Amino acid sequence: MSYTSSTVCVPEVGAVPRHIAIIMDGNGRWATQRKLPRVAGHTKGVEAVRTTVEGCARRGVGYLTLFAFSSENWRRPRDEVSFLMRLFASTLERETTRLEKNGIRLRVVGDLSMFDASLRTLIQRAEAKTAHNLRMTLTVAANYGGRWDILQAARQLVEQTAADGRPALVDEASFAQHLAFAYAPEPDLFIRTGGERRISNFLLWHLAYTELYFTDTFWPDFDDAALEAALASYRARERRFGRATA
Ligand code: IPE
Ligand code: IPE
Ligand code: MG
């Protein structure tokens, strides 16, 4: 499956979303409520990642994308940022075998040039080790921003033009093939935990016709029942893509 545009043609819609994209929010508040340091919420959040990955794979979801670190999260205290980097590295080290066993392909998407060489090596290894898996693609968006993605695609198109001297054909298909998510269909379902109702510079291009689901549940509390509630909400919707009601 590769990128198909919901604004160019109406996609097929099934009961199970082909692609779910999640903003995993509320780790800090989960911890603060328990009088724990904020970072304890991030550690606990890894368990919810595991549950969600396995719950989605079991239900036949083809692509799961998790927003782990935004291009704006560098604005956080330095200690929290470095904790998140270490947690990312240790989770990759610990969980890759499990992904491999479960038939899950891992992709990490974002501006990885900002990460330490050692973290980049861990990412490359985990991606290579799971590259042949077909059951589900798990994408971790790390130092990702929707605007970064659109700009890097635009830059690639401009460079192409410069290389062969002719202006590049810019349509949805040629543009989208340069976006970081060119290998995945557009998300059918977007979930944001933690109570905020905003996109926070996540997938800007791709959410054009995505169903949005917001829950007050903090990410560390997002369990299989919470995932099922989001999927039930999705199943109850009529996706029109601009058409009149059926
Ligand atoms: C989401 O939880 C995790 C990351 C952004 C890395 P937060 O850390 O944003 O938790 P809150 O929103 O402060 O509760
Ligand atoms: C979005 O959450 C980013 C991730 C979950 C990785 P934030 O907590 O950073 O979003 P804002 O700052 O509340 O919009
Ligand atoms: Mg937050």
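Buried means under 20% relative accessible area, exposed means over 50%, and partly exposed is in between (1.4 Å probe, protein chains only).

The model on screen is predicted, so local features need pLDDT of at least 70 and side-chain atom pairs count only at pLDDT 80 or more, while totals for chains, interfaces and linings use all residues. Residues are numbered from 1 along each chain as its sequence is written, chains are lettered from A and ligands numbered from 1 in the order in which they are written, and side-chain values use heavy atoms, with hydrogens and water left out.

## Stop 1: around Asp25

Asp25 sits in the loop between strand S1 (19-23) and helix H1 (27-33). Helices (H or I, at least four residues) and strands (E, at least two) are DSSP runs, numbered from the N terminus.

Which side chain makes a polar contact with the side chain of Asp25? It is that of Arg29, at 3.3 Å. A polar contact is a pair of N or O atoms within 3.5 Å; within protein, one must be able to donate a hydrogen and the other to accept it, and residues adjacent in sequence count only if both atoms are side-chain atoms.

Now display the contacts of Asp25 (heavy atoms within 4.5 Å). Leaving aside neighbours within four places in sequence, Asp25 is in contact with Arg192, Thr193, Gly194, Glu196, Thr217, Phe218 and Trp219.

## Stop 2: Asn73

The "active site" annotation in the unreviewed UniProt entry covers Asp25 and Asn73. They are spread over 49 residues of sequence but cluster in space, with a largest C-alpha distance of 12.1 Å. Both Asp25 and Asn73 are in the lining of the largest pocket. UniProt positions are given in the numbering used here, feature names are shortened, and annotations may be inferred rather than shown by experiment.

For pockets, a 1 Å grid is laid over the protein atoms alone: a cavity is a set of points where a 1.4 Å probe fits but cannot get out, and a pocket is an open set with protein on both sides within 12 Å along at least five of seven lines; lining residues have an atom within 4 Å of a point.

Asn73 is in the loop between strand S2 (63-70) and helix H3 (78-101), and is buried at a relative accessible area of 16%. A polar atom of the Asn73 side chain lies 2.7 Å from the backbone nitrogen of Ser70.

## Stop 3: Glu211

The unreviewed UniProt entry also has a "binding site" annotation, which covers Asp25 and Glu211. Of these residues, the lining of the largest pocket includes Asp25.

Select Glu211, in strand S6 (residues 211-214). Is Glu211 buried or exposed? Glu211 is buried, with a relative accessible area of 16%. Its side chain and that of Arg237 are joined by a polar contact of 3.2 Å. Not counting residues up to four places away in sequence, Glu211 touches Asp188, Leu189, Phe190, Tyr234, Arg237 and Arg239.

## Stop 4: helix H2

Select residues 38-58, which make up helix H2. The expected span of a helix is 1.5 Å times one less than its number of residues. Buried residues in H2 include Gly41, His42, Gly45 and Val46. Following H2 is Gly60, which has a positive phi, near 85°.

## Stop 5: aromatic rings

A pair of aromatic rings is described by the distance of the centres and the angle of the planes. Rings of Phe, Tyr and Trp (its six-membered ring) pair if their centres lie within 6.5 Å; planes under 30 degrees apart count as stacked, over 60 as edge-to-face and the rest as tilted. The whole structure has 13 aromatic pairs.

Select Tyr144 and Phe202, an edge-to-face pair with 6.2 Å centre to centre and 90° between the planes. Tyr144 lies in strand S4 (residues 136-144) and Phe202 in the loop between strand S5 (189-192) and S6, so the pair ties together parts 58 residues apart in sequence. Tyr144 is buried at 0% relative accessible area, and Phe202 counts as buried at 0%.

Next, select Tyr209 and Phe241: the ring centres are 5.3 Å apart and the planes are at 50°, so this pair is tilted. Tyr209 is partly exposed at 33% relative accessible area, whereas Phe241 is buried at 9%.

Finally, select Phe67, Tyr144, Trp148, Phe181, Tyr183 and Phe202, which form one aromatic cluster.
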